[in-house]
Amino acid sequence: MSGATQRGKKRKLEDVAETPQDQNQKRRTSMDNGHSTNDEDCSKCKTIVRGIKSSQRVLSMHVDIRSICPPKTQDSAISLKAKTGSSKKVKPYRQQEDGEESKSQKQVNLEKTDRKNKEKDRIFQRICALRNSRGGILLIYFTHMDDSDQFLGRFDELIDDRLNELIGDGTLFHDSYFRDWLKREPNCLSITCNPSSTISTTNYKTHINLNKGFAKPTVLNMRYILSNDRSCGEYEEKSLHKLQEASNVQMKSFRKAQNVARAEWAPYIMEGLRLREYISSFANQKEGGYYFLGVAEQDDGEIDTYSTRKVSIEGFELNETDHETLKSEILDQIVSKVLFLPPDRSLISKDAVTRSPKLTFHKVEGQEDTYVLEVYVPSLSGVVFFDRDGPDSFRLNENNCIRRVEPQEWRRKVLEHSVM
């Protein structure tokens, strides 16, 4: 038998022995379709962009489909069934026998969620920039995506709600966006973004208070807040035993005080217990608001005919000599993490920021060195953000590079209601 014949038979045997996993690997490695791994310098994307016939701007990006559409189970129920030959239903990986996920799996899930959110933020940043720059087209090339996959519903589920929030000017979703696969370019999605008649914002970095929790603001809320003078209202002392949560009263337990290093209390109160978010939302509403640290809600066991709750004055231990230190630390946190943007062209000085909140310790009756901390936030004319950078809003410069809209420019666009 000749050597060529032997080699031909060997290749045929290898093809027959090829496993489904080998075939999938070949498909995955062939799916780059000429794209480089770096979406910032992908020559294929640049060629596609140049080929788009549009007077509007065109942006391109890569998105790993596995990051935004991860599998719901660790092992596919179908593949497991094929391996075992069993017809028994396979329990999803997330459903543990004890009803709880292991710590390691929780960490994995947190990392998956973080990757998904980061990719989604990259998408919305570009769409926001296009809408704020007289519209344009965003091309998304999905890496590690099967060429045969043309289903758009999963992607729509991930982004439609936030795309709708970006509209802001009352235009219908149908008149603001159009998306479809780009012809003759596998795994490349084209999203046409029409311009906004006001400014689009991906994250306002402030909230609207409800009686129980927050609501996302709209551009109309922002225009109302910027247009109304709220330099009124004075501090009113409140009885701890008559507290009820409302749009201007928030209660927070501090049961973890002993588990947090004393030096980390101020950052934990600002971030973990969300004081900076309440400072922002209270300052944006008439008469401000009150934040009570060391007050919780618990089930009321004295009423057994129905389920209800009651306020519990728990407090937290802190020597009186440390009161002023904690106040100073919290005020320093406010200065470094909160932005006050009045309706005029200037920013409020740091001195004004530290003078605004009023911090008071209330001793819990019958307990030594146990206190409730009250933070009163007066209303301020303008908008208060819980981030020093202000709202997340973007536009394109003359070189098609994305840049952040500065707070002063953002304020002007909110008030003038015009295309950028």
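This is a predicted model: local features need pLDDT of at least 70, side-chain atom pairs count only at pLDDT 80 or more; totals for chains, interfaces and linings use all residues.
**View 1. The protein chain as a whole.** The protein chain has 420 residues, of which 41% count as buried. Its secondary structure comprises 13 helices and 17 strands. When contacts between residues at least 6 apart in sequence are considered, 71% of them join residues at least 24 apart.

**View 2. An open sheet of four strands.** The strands of this sheet follow the order β1-β2-β4-β3, with mixed pairing. At the edges stand β1 (57–64) and β3 (177–181), each of which pairs on one side only. Neighbouring strands of the sheet are turned against each other by 20 degrees on average, direction ignored. Helix α6 (residues 103–131) packs on the sheet and touches β1, β2, β3 and β4. The direction of α6 makes about 175 degrees with that of β1. Another helix, α7 (residues 153–167), lies across β2, β3 and β4. Helix α7 runs at about 155 degrees to β3.

**View 3. Strand β4 and its partners in the sheet.** Strands of a sheet pair through backbone hydrogen bonds, either parallel or antiparallel. Strand β2 (residues 136–143) pairs with strand β4 (residues 188–193) in the antiparallel sense, over six bridges. Tyr 141 stands opposite Cys 188, a residue of β4. The pairing of β3 with β4 is antiparallel too, and it extends over five bridges. Here Asp 180 stands opposite Ser 190 in β4.

**View 4. The hairpin of β3 and β4.** Six residues lie between the two strands of this hairpin. Arg 184 belongs to the loop between β3 and β4. Although Arg 184 is not a glycine, it has a positive phi of about 65 degrees. Arg 184 has a relative accessible area of 77% and is therefore exposed, the cut-off for that class being over 50%.

View 5. Thr 198 is placed in the loop between β4 and β5 (208–209). Because its relative accessibility is 0%, Thr 198 counts as buried. Lys 413 is 215 residues away from Thr 198 along the chain, yet the C-alpha atoms of the two residues are separated by 6.7 Å.

**View 6. The crossing of helices α8 and α13.** Two packed helices are described by the angle between their axes and the distance between the axes. The axes of α8 (residues 219–227) and α13 (residues 407–416) come within 9 Å and cross at roughly 100 degrees. Helix α8 is therefore roughly perpendicular to α13, a class that covers angles of 65 to 115 degrees. From α8, the residues in contact are Val 219, Met 222, Arg 223, Leu 226 and Ser 227. They meet Trp 410, Arg 411, Val 414 and Leu 415 of α13. By class, this contact of α8 with α13 is made up of six nonpolar, one polar and two charged residues.

View 7. Helix α10 (residues 275–283) is mostly covered, with nine of its nine residues buried. Among these buried residues are Leu 275, Tyr 278, Ile 279 and Phe 282, together with Arg 276 and Glu 277. Glu 287 is found in the loop between α10 and β8 (289–293). This residue has a positive phi of about 70 degrees, although it is not a glycine. Glu 287 counts as partly exposed, because its relative accessibility is 48%.

**View 8. Strand β8 and the strands that pair with it.** Five of the five residues of β8 are buried, so the strand is largely enclosed by the rest of the structure. Gly 289, Tyr 291 and Leu 293 point one way from β8, while Tyr 290 and Phe 292 point the other way. Strand β7 (residues 249–252) pairs with β8 in the parallel sense over four bridges. In this pairing, Lys 252 stands opposite Leu 293 of β8. Strand β14 (residues 370–377) runs antiparallel to β8 and is joined to it by five bridges. Val 375 in β14 is the bridge partner of Tyr 291.

Methods. Residues are numbered from 1 along each chain as its sequence is written. Side-chain values use heavy atoms; hydrogens and water are left out. Axes are lines fitted to C-alpha atoms, for helices over the stretch in contact, and angles run from 0 to 180 degrees between N-to-C directions. Angles under 35 degrees count as roughly parallel, over 145 as roughly antiparallel, 65 to 115 as roughly perpendicular and the rest as oblique. Contact means heavy atoms within 4.5 Å. Ala, Val, Leu, Ile, Met, Phe, Trp, Tyr, Cys and Pro count as nonpolar, Asp, Glu, Lys and Arg as charged, and the others, Gly among them, as polar. Buried means under 20% relative accessible area, exposed over 50%, partly exposed in between (1.4 Å probe, protein chains only). Two strands pair if DSSP finds at least two bridges between them.
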